[in-house]
Amino acid sequence: MITLYHCRDARSFRALWALEEMELPYELHVLPFPPRARHEGMKDINPLGTIPVLFDGGERLTESSAIPHYLATRHGPSPLAVAIDEPGYGAYLNFLVMGEATLTFPQTIHLRYAVFAPPEARRPEIARDYAEWFGSRLRNAETMMDGDYAAAGRFTMADVSLGYAIKLALSIGLAEFVTPGMQAYFDRLAARPAYARAMAAQKKAED
């Protein structure tokens, strides 16, 4: 049985969404945020103290952009991954990593200085700089997409990674940086049954 440790709407949502896209059975634990401070024994689950944490047999994965690819390949074959000899393989890997490293990272810095820091330590000018950094990277990423999707002309785990970055922006007040084209792209992703199941699963686990 696959086990996922997750915080509501955090980057671990990529893993939850990927599990639902693969239709794999799993056990879900929704933790309070931040888990390293509010969940006893978190360092035993993941020495980094962060989520996601996914256990699959003897494997432990902690990177939200790696988990969707792992699931699609370890539990595949699946069209949700792009094969190495398939057109779009490079773009697939690029967007898979870009969703986290290039697009989610600046949003987390924005959150740190705009929301999570104590009032006396907040730096609105830094928060705004990182928000604008995210916006410029997202606009550039849009020009690199393959039609309606990130890569290979179809929905893949790269869209799970990229789509979550947009989901985060829309939920933390950065909608002004999401272009109409990327909003339409996200709306297509959010209409997928697996996305709806993932949203329902985290809500049920919290209740």
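**Figure 1. Pairing of strand S1 with strand S2 in the predicted model.** Strand S1 and strand S2 (residues 26–30) run parallel and are joined by five bridges, in a model that is predicted. Within this pairing, Ile2 has Tyr26 of S2 as its bridge partner. Between the two strands the chain passes from S1 through helix H1 (residues 13–22) to S2, and this β-α-β crossover is right-handed.

**Figure 2. Pairing of strand S1 with strand S3.** S1 is also joined to strand S3 (residues 53–56), here by four bridges, and these two strands run antiparallel. Tyr5 has Val53 as its bridge partner in S3.

**Figure 3. Side chains and burial along strand S1.** In a regular strand the side chains alternate between the two faces of the sheet. In S1, Ile2, Leu4 and His6 point one way, whereas Thr3 and Tyr5 point the other way, and all of them are buried. Because five of the five residues of S1 (residues 2–6) are buried, this strand is largely enclosed by the rest of the structure.

**Figure 4. The largest pocket and its lining.** The largest pocket holds about 800 Å³ of space, and of the 31 residues that line this pocket, Ala10, Arg11, Phe33, Thr108 and Phe116 are the closest to its centre. Helix H2 (35–38), helix H5 (89–116) and helix H7 (157–171) are the elements that give two or more residues to the lining, and H5 provides the largest share, with seven residues. By residue class, the lining of the largest pocket divides into 17 nonpolar, six polar and eight charged residues.

Methods. Residues are numbered from 1 along each chain as its sequence is written. This is a predicted model: local features need pLDDT of at least 70, side-chain atom pairs count only at pLDDT 80 or more; totals for chains, interfaces and linings use all residues. Side-chain values use heavy atoms; hydrogens and water are left out. Buried means under 20% relative accessible area, exposed over 50%, partly exposed in between (1.4 Å probe, protein chains only). Two strands pair if DSSP finds at least two bridges between them. A crossover is right-handed if, with the strands pointing away from the viewer, the path from the first strand over the helix to the second runs clockwise. On a 1 Å grid over the protein atoms alone, a cavity is a set of points where a 1.4 Å probe fits but cannot get out, and a pocket is an open set with protein on both sides within 12 Å along at least five of seven lines; lining residues have an atom within 4 Å of a point. Grid points are joined across faces, edges and corners, and a volume is the space filled by probe spheres set on the points. Ala, Val, Leu, Ile, Met, Phe, Trp, Tyr, Cys and Pro count as nonpolar, Asp, Glu, Lys and Arg as charged, and the others, Gly among them, as polar.
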